[in-house]
Amino acid sequence: MDVEIADLSEAVLEHLPDWSSHGSARDAGCRFCLYWEEPDRAKWPEPLHEREALKREWVRRVTAEFGVCGKLAFVGSKAVGYSQFSPPAHLPNVTSYECGPPSSDAVFVACLFVVREHRGHGVGSALLRAVVAELSSRGVEAVETLARRGSADNPSGPLGFWLKHNFTVVREDDEFALVRQEFA
Ligand SMILES: CC(C)(COP(=O)(O)OP(=O)(O)OC[C@H]1O[C@@H](n2cnc3c(N)ncnc32)[C@H](O)[C@@H]1OP(=O)(O)O)[C@@H](O)C(=O)NCCC(=O)NCCS
């Protein structure tokens, strides 16, 4: 499968994957998701245009302060995968995890998502390679995420995926693990 990776910017925000094939009435798609950015707005539904405006503002601010903070995976003209990352200070919900928070020297991968019908064909791995290449070339010390044990139902997916990609466990609890990859 030919996968093309693009940087996140305000211009491509409308292409972020939607969740319509995932069977959840409350979920509309990555461009409306404020799980990490605005923990007090976790309750759906809210007017989607308000959520999108907040997401857009987050992307604008973090891109200006930090640089590129996400990647999209396209198959043809459709974005089938998305990953978002930034210093943890831009993602207040990281403090709500028992095995967190992420280290202050690391960039936190908030989500890694591939639409269901495109999973298992290397899209997630291609996205993660692009994220790691981007961050290591920018002089970042390390990258971390909160992976879920025994379940893929998690913003960045299951622990097994991250361990296969050379991440190691920093701290863990019964459900989640903070995992890290250091750049030499
Ligand atoms: C995790 C995820 C991104 C992986 O994407 P993908 O495109 O299916 O990944 P790949 O095809 O590149 O697979 C990479 C490897 O990880 C492995 N893998 C995938 N899920 C795994 C799991 N639950 N446990 C162990 N390994 C797993 C695959 O077997 C594959 O290994 P292999 O190359 O040795 O065969 C995808 O499954 C996903 O989006 N999950 C849901 C995450 C989610 O809900 N995010 C919410 C956002 S709000």
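Reader: How do the residues of the shell around the ligand divide into nonpolar, polar and charged?

Author: Welcome! This is a predicted model, where local features need pLDDT of at least 70, side-chain atom pairs count only at pLDDT 80 or more, and totals for chains, interfaces and linings use all residues. Residues are numbered from 1 along each chain as its sequence is written, and side-chain values use heavy atoms, leaving out hydrogens and water. Ala, Val, Leu, Ile, Met, Phe, Trp, Tyr, Cys and Pro count as nonpolar, Asp, Glu, Lys and Arg as charged, and the others, Gly among them, as polar. The shell divides into 8 nonpolar, 8 polar and 2 charged residues.

Reader: Which residue has a side-chain N or O atom 2.6 Å from an oxygen atom of the ligand?

Author: Polar contacts here are pairs of N or O atoms within 3.5 Å. A polar backbone atom of G122 is 2.8 Å from a ligand oxygen, and a side-chain N or O atom of K164 is 3.3 Å from a ligand oxygen. The side chain with the 2.6 Å distance belongs to S125.

Reader: Why is helix 2 largely enclosed by the rest of the structure?

Author: Helices are DSSP runs of H or I with at least four residues, numbered from the N terminus. Buried means under 20% relative accessible area (1.4 Å probe, protein chains only), and the buried residues of helix 2 include V123, L127 and E134. Helix 2 is largely enclosed because its buried residues number 11 of the 15.

Reader: Which residue with a positive phi follows helix 2?

Author: Helix 2 has 15 residues and reaches 21 Å from its first C-alpha to its last. After it comes a residue whose phi is near 80 degrees, G139.

Technical notes. Polar contact = N/O pair within 3.5 Å; in protein donor to acceptor, adjacent residues only side chain to side chain. Helix = DSSP H or I, 4+ residues; strand = E, 2+ residues; numbered from the N terminus. Expected span 1.5 Å × (residues − 1). Buried < 20%, exposed > 50% of the residue type's maximum accessible area, 1.4 Å probe, protein only.
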